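The following exercises are to be worked through with the sequence and the structure at hand. Each task is followed by a solution in steps.

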Amino acid sequence: MGRDTARDLLIARGADTLRHPGGTLLGHLDRVEARLAAWGARDELRLAGLSHAFYGTDGFSEHLLPLEQREVLAAAIGAEAEELVYFYASCDREFSYAHLGSEDGPFRDRFTGETFIPTARQRADFAELTAANEVDVLRENRELWSRYGGALLRLFTRWRSLLSEPAFAEADGLLTLQGAEREAFLRGLERGDVVTGVVAHIASFHVTFVELGGVRAMMNIPEVSWYRYDGPSDIIAEGEEHSFEVLDVDMTRERVSLSLKALEPDPLAAFARGGFAGVRRGRVTAVLSFGVLVEVAPGVDGVVHEKDLGGLAPREGDELSVEVTSVNLVTRRVGLGLPA
């Protein structure tokens with residue numbers, strides 16, 4: 001029982017004659033097993049990598065064994081490895097891929113129709129095996145790399161927490177665009193375009209990096225939301241997929257700037273359109289050297305200058321009665337005063 005037994009069974013079932021990107025199915029399976037070994041996978045996962053095509057998959061319909069003969073594969077590679085092969089083969093990808101990165105994300109068995117919550121190890125094993133499989137296919141076939149590489153990099157970025165460091169590093173290195181292909185991608189973007197991206201990293205200095213599918217863009221902290229927040233992590237999380245608006249494409253520095261809030265209604269514009277006359281109560285959100293900042297509507301703060309406070313010394317969190325004296329949509333400034 002083990003690798004040699006599994007290869008003998010693969011050859012007996014014709015894997016050495018089935019065509020596959022890069023040569024034969026057996027060649028592909030050998031490379032997947034070797035890649036998992038290089039990434040430090042345990043023996044059972046390596047054996048599953050070598051054997052993952054026995055029941056076919058949602059993306060490769062050819063199968064070497066019918067499900068009624070699962071005991072044959074279990075005898076060759078062991079029960080744990082065979083369970084991994086079945087789990088991998090049974091995945092309804094259209095349904096399950098979107099949820100795999102979540103601890104409580106459902107998984108659908110395409111053979112039985114059953115939906116359940118996989119364990120943390122199942123999810124990690126599935127992600128690692130998927131990465132090894134897809135990296136090999138795309139290394140061997142440039143056309144498939146061009147067609148699916150961007151989508152796969154976004155997928156692996158969503159699954160970043162499930163993948164080993166070597167697995168993600170190899171996928172990222174293979175699928176990140178370089179040279180003429182990178183330039184073509186950037187030239188295809190224009191200010192105002194709406195793009196889909198995955199939050200790849202929220203840096204300690206509050207810049208958010210977003211994987212667009214071969215090119216990593218950036219979003220500065222003011223572009224996350226119109227509403228008050230302490231940091232991007234209050235609004236978004238690494239691994240989440242969102243739509244963003246392109247603010248700028250700098251071809252010289254090969255930098256793309258994005259905005260999340262640009263796709264949301266501007267609360268200040270709505271505030272101005274709705275009329276703002278009269279006295280209103282607001283919460284002091286900050287005490288500044290020149291006055292206080294007061295929230296007069298969700299997402300709308302205005303300033304009462306110190307000279308207009310009439311000797312009051314409000315603290316953060318206090319409520320204050322104010323009148324709106326001006327709204328400037330260009331400078332995004334709201335002037336406030338105390339009621340007479």
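Axes are lines fitted to C-alpha atoms, for helices over the stretch in contact, and angles run from 0 to 180 degrees between N-to-C directions. The structure treated here is a predicted model.

**Exercise 1. Determine how H7 and H8 are placed relative to each other.**

Step 1. Two packed helices are described by the angle between their axes and the distance between the axes. For H7 and helix H8 (residues 142-158), the axes come within 8 Å and cross at roughly 150°.

Step 2. Angles over 145 degrees count as roughly antiparallel. H7 and H8 are therefore roughly antiparallel to each other.

Step 3. The crossing in which H7 passes H8 is left-handed.

Step 4. On the side of H7, the residues that meet H8 are Thr130, Ala131, Glu134, Val137, Leu138 and Glu140. On the side of H8, they are Arg142, Leu144, Trp145, Tyr148, Gly149, Leu152 and Phe156. By class, this contact of H7 with H8 comprises eight nonpolar, two polar and three charged residues.

**Exercise 2. Describe how H2 packs with H7, and then how H2 packs with H3.**

Step 1. Helix H2 (residues 25-38) and helix H7 (residues 120-140) have axes 9 Å apart and pack at an angle of about 125°. The two helices are therefore oblique to each other, and the crossing of H2 and H7 is right-handed.

Step 2. H2 contributes His28, Arg31, Val32, Arg35 and Leu36 to this contact. H7 contributes Glu128, Leu129, Ala132, Asn133, Val135, Asp136, Val137, Arg139 and Glu140. Sorted by class, the contact of H2 with H7 has six nonpolar, two polar and six charged residues.

Step 3. With helix H3 (residues 43-51), H2 packs at an angle of about 160°, and the axes are 7 Å apart. This angle makes H2 roughly antiparallel to H3. The crossing of H2 past H3 is right-handed.

Step 4. The residues of H2 that make the contact with H3 are Leu29, Asp30, Val32, Glu33, Leu36 and Ala37. Those of H3 are Leu45, Arg46, Gly49 and Leu50. In this contact of H2 with H3, six residues are nonpolar, one is polar and three are charged.

**Exercise 3. State the order in which five strands close into a barrel, and trace pairings within it.**

Step 1. The order of the five strands is S10-S11-S12-S14-S13, with mixed pairing. From one strand to the next, the twist averages 50°.

Step 2. Strand S10 (residues 279-288) and strand S13 (residues 319-328) run antiparallel and are joined by five bridges. Valine 279 has glutamate 323 in S13 as its bridge partner.

Step 3. S13 and S14 also run antiparallel, with five bridges between them. Here valine 324 has leucine 336 in S14 as its bridge partner. The hairpin of S13 and S14 has four residues between the strands, and in it arginine 332 takes a positive phi near 60°.

Step 4. Strand S12 (residues 300-305) and strand S14 (residues 333-337) run parallel, joined by two bridges. Valine 304 stands opposite leucine 336 in S14.

**Exercise 4. Locate threonine 176 and state how far it is from leucine 336.**

Step 1. Threonine 176 lies in the loop between helix H9 (165-175) and helix H10 (179-187).

Step 2. With its neighbours within four places in sequence left aside, threonine 176 is in contact with Leu153, Arg182 and Gly214.

Step 3. Threonine 176 and leucine 336 are 160 residues apart along the chain, and their C-alpha atoms are separated by 49 Å.

Definitions and conventions
Residues numbered from 1 in each chain as written. Predicted model: local features only at pLDDT ≥ 70, side-chain atom pairs only at ≥ 80, totals over all residues. Heavy atoms only, no water. Pairing = 2+ DSSP bridges. Parallel < 35°, antiparallel > 145°, perpendicular 65-115°, else oblique. Left-handed = near helix turned anticlockwise from the far one by under 90°. Contact = heavy atoms within 4.5 Å. Nonpolar A, V, L, I, M, F, W, Y, C, P; charged D, E, K, R; others polar.
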